[in-house]
Amino acid sequence: MTVIAVVLVFGFFTYNAQVNMESRGIDFGYGFLSQESSFDVQFSLIEYDGSHSYFRAYLVGLLNTILVSVIGIFFATILGVIVGIARLSPNYLINKFAAFYVEFFRNIPLLLQIFFWYFAALRALPLPQDAEAMFGIAFLTIKGLYVPAFIWQNFNIFFYSIIAAIIAIIVIRIQAKKLQETQGKQTPVLLISIGLILILPVLSFLFGGVKLSFEVPVLKQLATTSFIYEGGVSLPPELIALALSLSLYTATFIAECVRAGIQGVGKGQKEAAASIGLTPNQVLKLVVMPQALRIIIPPTTNQYLNLTKNSSLAAAIAYPDLVLVFAGTALMQTGKAIEIVSITMFTYLTLSISISILMNWYNKKIAITEK
Amino acid sequence: MFKYLKQLTSLVAMVAVLFTFTTESMAAKKSKTLKNTQKKGFVRCGVSQGLPGFSNADAAGNWTGVDVDVCRAVAAAVLGDANKVKFTPLSAKERFTALTSGEIDILSRNTTWTLSRDADIGLTFVGVNFYDGQGFMVRKSSGITSVDQFKNGISACTNIGTTTELNMRDFFNSRGISYEPVAFEKADEVVAAYDAGRCDTYTTDKSGLAAQRTKMKNPDEHIVLPETISKEPLGPVVRQGDSVWEDIVRWSLNTMIEAEEYGITSANADSMKTSDNPQIKRLVGAEGEMGAAFGLDNEWNLRIIKQVGNYGESYKRNIADTGILPDRGPNELWTKGGILYVPPSR
């Protein structure tokens, strides 16, 4: 019954759209995707200019959306965990500061925050010619953040050395666990891991012929009062403002998830752990966190999804994400509203479901296995 | 008895069908959009989100501008009152969808007439109410006085979803200059970002540059470069498929331009009824049947001139007197050295 209703409603809308489009002389089709796009995009992770196809423009937008989401999720998680734990701190100042941060940032609409970080911060930043160098190599200006570019020689050897270090760490961890279970011996896994991940790449520099040099951005004059930096890598201010506001906003919600998770673990658990002689660090690591994570993960997944979807507000500040490039410029230039909006919706759906699946898998992994 | 009843029913049905057909074909003559507009009592008009001189709302929410006047002219023609217009502010990105989906009936929003827009997306351009071209604005202090001084790495702020984006690429590409396009959805944000120093240049239609310049923190610090890099004929747009409505909008605009040509103004329109010139008399509804073909009365054009004024009055009121573009340039009548030339109303 429900299925029939859904099909009927969907069918009605499709039919209606078809009839209306026909009567207005609009044709339907996805053929435009292979046509030349003939517009440029400010910032792209893959090679792109107006001579590429609309499909390529779509990929540019999609990758930019993924980029800002990944950066946002990364910083929001770190900040969220720190603030969440800080809210439980017995230190009055830290505790209240964290509470103030959470209440302040989660209660202001995200779009306003984006505008604030973009326009207010933009006006406060210096013009390229007035910028002070950070550490002598990087420049934060109104036109973006310019950092040195890495120029590698024999990058693959360096890369392999890191892979080797990671494999070695995994092997040692498994061994350490075995030792712990069979003989009750504790191994300083963390120290060994840090040592490995530092020493192997250093060795690759010393003996593997790996060389790294920097290309420092240099000021270039375009006109009497207009300058840019050339060379190095430049991050547009739009990306920085968007990633910053998304992280700051979402971190408040993640902080609350973390707090809820930790508070959700019974007091008796901690006391019991302490009574068998575990140190406070071990209590947190071995008893509290594994249980808290089960509470933290599902609502945090929601926040990751929200952040990804909120990244579409990018259009307001000219960050070329999927909505601005594809559902904006491409839609206008082709007039294929239904096609482009449907593709965009489907893309966000796929992105969200992917994050969901990943987080559900992780959730299942850490869930209590009933015996 | 039943036999007759059956025959009677089929007869009634046949008459009903016939009747529907005749009314249908009579109604077809009258525009569907016109009928809906008259039923609603206002013209639904899509305008910009604020472009001084073209469509701009004051603090009280009253819209003014040459684009606004096109919609007011249509309202005067079909409803008898130029104030019966509902304005919908639209971004460059939203405008065509709003029109094709039927949310508005006229799009009068400094929109460039191009082949692909006219042919592809279910729209019809009815004419040109402003001849424009794309230009660049720079800071005076930059010392740039010509586009020839642009160098690799220049950043340019603009709007998305406009012909500007495409022209800009053609321009920089043909000169082999690498540039950074920074495209915003709303014009206000473009201006804010350029004003803050995010971009070296701001590019859009020259009329738009002149208008937006008045919104800058310090307008005197900016200049519009003399070069024009494209043709931008701006005009009102309607949906495809209602040719009568299309004609009403087209001839409302033409009436304003032709009225200026014959010296008919909002002040003297009534007295022109007794003119010796039959062309003038036709323009004020005193001769011929100039409204019947649209399904309108005979004084539709007189109302436009009386309530909105001729094109020259509209230009002076909105663009010249506000200091945006005092010189009419190509937007002068063909008789005075411009290129405004419309077919005759007769």
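How many residues does α4(A) have, and what distance does it reach from its first C-alpha to its last? The helix α4(A) has 15 residues and reaches 20 Å from its first C-alpha to its last, close to the 21 Å expected at 1.5 Å a residue; the expected span is 1.5 Å times one less than the number of residues. Helices (H or I, at least four residues) and strands (E, at least two) are DSSP runs numbered from the N terminus.

The structure is a predicted model, in which local features need pLDDT of at least 70 and side-chain atom pairs count only at pLDDT 80 or more, while totals for chains, interfaces and linings use all residues. Residues are numbered from 1 along each chain as its sequence is written, and chains are lettered from A and ligands numbered from 1 in the order in which they are written.

Within α4(A), the residues Ile114(A), Trp117(A), Tyr118(A) and Leu122(A) are buried. A residue is buried if 20 or more other C-beta atoms lie within 10 Å of its own, exposed if 12 or fewer, and partly exposed in between, with C-beta atoms placed from the backbone. An α-helix has 3.6 residues a turn, so residues three or four places apart point the same way. The buried residues of α4(A) pack against α7 of chain A and also against α7 (187-196) of chain B. Contact here means that the C-beta atoms of two residues, placed from the backbone, lie within 7 Å.

Beyond its neighbours within four places in sequence, Leu242(A) is in contact with Val68(A), Ile114(A), Ser311(A), Ala314(A), Ile317(A) and Tyr319(A).

The contact between the chains takes 33 residues from chain A and 38 residues from chain B. On the side of chain A that touches chain B, the elements giving two or more residues are α4 (110-124), β6 (218-223), β7 (226-230) and α10 (322-334). The largest share of that side, four residues, comes from α10(A). By class, this side of chain A has 16 nonpolar, eleven polar and six charged residues; Ala, Val, Leu, Ile, Met, Phe, Trp, Tyr, Cys and Pro count as nonpolar, Asp, Glu, Lys and Arg as charged, and the others, Gly among them, as polar.

Chain A as a whole comes to eleven helices and eight strands. Its C-alpha trace spans about 80 × 70 × 45 Å along the principal axes, and of its 371 residues, 31% count as buried. Chain A is divided into domain 1 (1-31) and domain 2 (35-106 + 237-366), with bounds that come from an automatic or database domain assignment. The C-alpha centres of these two domains lie 35 Å apart.

Among the strands of chain A, four form an open antiparallel sheet in the order β1-β2-β3-β8. Both β1 (133-134) and β8 (233-235) stand at the edges with a single partner strand each, so one side of each is left without a neighbour in the sheet. Two strands pair if DSSP finds at least two bridges between them. Strand β3 (residues 144-147) of chain A runs antiparallel to β8(A) and is joined to it by three bridges; in β8(A), the bridge partner of Leu145(A) is Leu235(A). Strand β4 (residues 149-153) of chain A lies largely in the open, because the number buried among its five residues is zero. Five bridges join β4(A) to the antiparallel strand β5 (residues 211-215) of chain A, where Lys211(A) is the bridge partner of Gln153(A).

Chain B has twelve helices and 14 strands, and of its 346 residues, 51% count as buried. Chain B is divided into domain 1 (33-131 + 234-334) and domain 2 (134-230), whose C-alpha centres lie 29 Å apart. Their contact takes 15 residues from each of the two domains. In helix α11 (residues 300-307) of chain B lies Leu302(B), which counts as buried with 25 C-beta neighbours inside 10 Å. Not counting residues up to four places away in sequence, Leu302(B) touches Ala269(B), Val284(B) and Gly285(B).
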